[in-house]
Amino acid sequence: MGPKLGLNRLFFKVEGQNPTGSFKDRGMTVAVTRAVESGAKVLVCASTGNTSASLAAYASRAGLRSAVVLPSGKVAAGKLTQAVAHGARLVRVEDNFDRALQITSKAVAISKSLYLMNSINPYRIEGQKTVAFEIFEQLGNRVPDYVVLPVGNAGNISAVWKGFSDLKKLGATKTVPRLVGVQAEGASPMVEAYRQGRAPRPWTAPETVASAIRIGTPVSWKKAMAALRGSKGEALSVSDVEIVSARRSLSASEGIFVENASATPIAALGKLKGIPKAATVVCITTGHGLKEPIPEDWSDTSPPTAKDERELVRLLA
Ligand code: AN7
């Protein structure tokens, strides 16, 4: 895929390989460990799906209860399955993620037994920044020139920036990568705000096929803005059609299967102008493709049947 795009050093950091199939595990294991130390009993989060899957898994291992608040009807099937499998209590909110997080935060504020596990929890960011360390290590102790990643609630871009900034502070590198934050067109308040050089306005009706990043009010927008500015980065939006097509070409040409939100960096590559051929570019693919069904028109819904080996040879050739 790299050479086709005129990039000789294109890499994918496949976060779908984490224990619950998304980048969320990096921060969740740290935050759950801290929650155990602090004596928390019920760990809660609002989630578009991956955070709830990760929280449910790590809470179960820690012997704590978990409860997840989900925007109704918009959570990918695989993620729901995970939350159920790991024994989380599920609650729906008849609204989008932003509203779910708003009332979850308020509920935590008025309850003694609830402990908030969204990425406002600083330990989440501390764990999540390890992806920067791993990228550095895997490139032979070098930072890439560009890191391209999806942006939803903007915790991850903040964490990635913290990781690379830490490496610089420690003297491990003199340079830091440019961060390219990618949103879906129908939910791109950060892109709009970065271009206009001001705080994001709330998008009250975010809509995109990338349900993980169907978020209109990114909570970590200040940190994300600092990451974009500090890295001389860029914010780009991509359409739903571009997202689905990038998801398909990644799986068909690289053997890497991702969910829709995680295909946004790949969709953005074609739109990024002025990247030198020799630049090292890392796309973070944040979540596994098995979590989210593929569009029906990708598949042959009624494959032919084979009655014997002769017919099979004909069909397989
Ligand atoms: C696959 O699970 O917000 O910008 O509640 O699942 O750190 O929010 C998920 C977000 C990118 C965006 N890719 O990360 C949640 C949730 C995938 C995601 C993002 C999410 P942030």
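Tutor: Let's start with helix axes: an axis here is a line fitted to C-alpha atoms over the stretch in contact, and the angle runs from 0 to 180 degrees between N-to-C directions. Keep in mind that this is a predicted model.

Student: Okay, so how do I describe two packed helices?

Tutor: Two packed helices are described by the angle between their axes and the distance between the axes. Here, take α6 (residues 130-138) and α7 (residues 155-169): they pack at about 55 degrees, and their axes are 7 Å apart.

Student: Is α6 parallel or oblique to α7?

Tutor: Oblique, because of that angle. As for handedness, α6 passes α7 in a right-handed crossing.

Student: Which residues of α6 and α7 make the contact?

Tutor: On the α6 side you have Val131, Ala132, Phe133, Ile135 and Phe136, and on the α7 side Val160, Gly163, Phe164, Asp166 and Leu167. Sorted by class, that contact has 8 nonpolar, 1 polar and 1 charged residues.

Student: Let's move on to cores. Which residues touch the most other members of the largest nonpolar core?

Tutor: Think of a nonpolar core as a set of buried residues joined through side-chain atoms. The largest one has 29 residues, and Val148, Leu269 and Val281 touch the most other members.

Student: Which elements each supply at least two residues of this core?

Tutor: The strands are β1 (9-14), β6 (146-150), β7 (178-184), β8 (234-238) and β9 (280-285), and the helices are α10 (240-254) and α11 (264-269). The largest share, 4 residues, comes from α11. Apart from this core lies another, of 26 residues, including Leu149, Ile157, Leu179 and Ala227.

Student: Back to Val281. What does Val281 touch, not counting residues up to four places away in sequence?

Tutor: Its partners are Leu7, Arg9, Leu10, Phe11, Tyr146, Val148, Leu269 and Ile275.

Student: And Lys277, where does that one lie?

Tutor: In the loop between α11 and β9. Leaving aside neighbours within four places in sequence, Lys277 is in contact with Gly6, Leu7, Asn8 and Arg9. For a sense of separation, Lys277 and Leu315 are 38 residues apart in sequence and 41 Å apart in space, C-alpha to C-alpha.

Student: Last one: is Glu311 buried or exposed?

Tutor: The general idea is a cut-off: buried means under 20% relative accessible area. Glu311 counts as buried because its relative accessibility is 17%. Glu311 is found in helix α12 (residues 309-316). Not counting residues up to four places away in sequence, Glu311 touches Thr305 and Ala306.

Notes:
Residues numbered from 1 in each chain as written. Predicted model: local features only at pLDDT ≥ 70, side-chain atom pairs only at ≥ 80, totals over all residues. Heavy atoms only, no water. Core = buried A, V, L, I, M, F, W, Y, C linked by side-chain atoms within 4.5 Å. Buried < 20%, exposed > 50% of the residue type's maximum accessible area, 1.4 Å probe, protein only. Contact = heavy atoms within 4.5 Å. Parallel < 35°, antiparallel > 145°, perpendicular 65-115°, else oblique. Left-handed = near helix turned anticlockwise from the far one by under 90°. Nonpolar A, V, L, I, M, F, W, Y, C, P; charged D, E, K, R; others polar.
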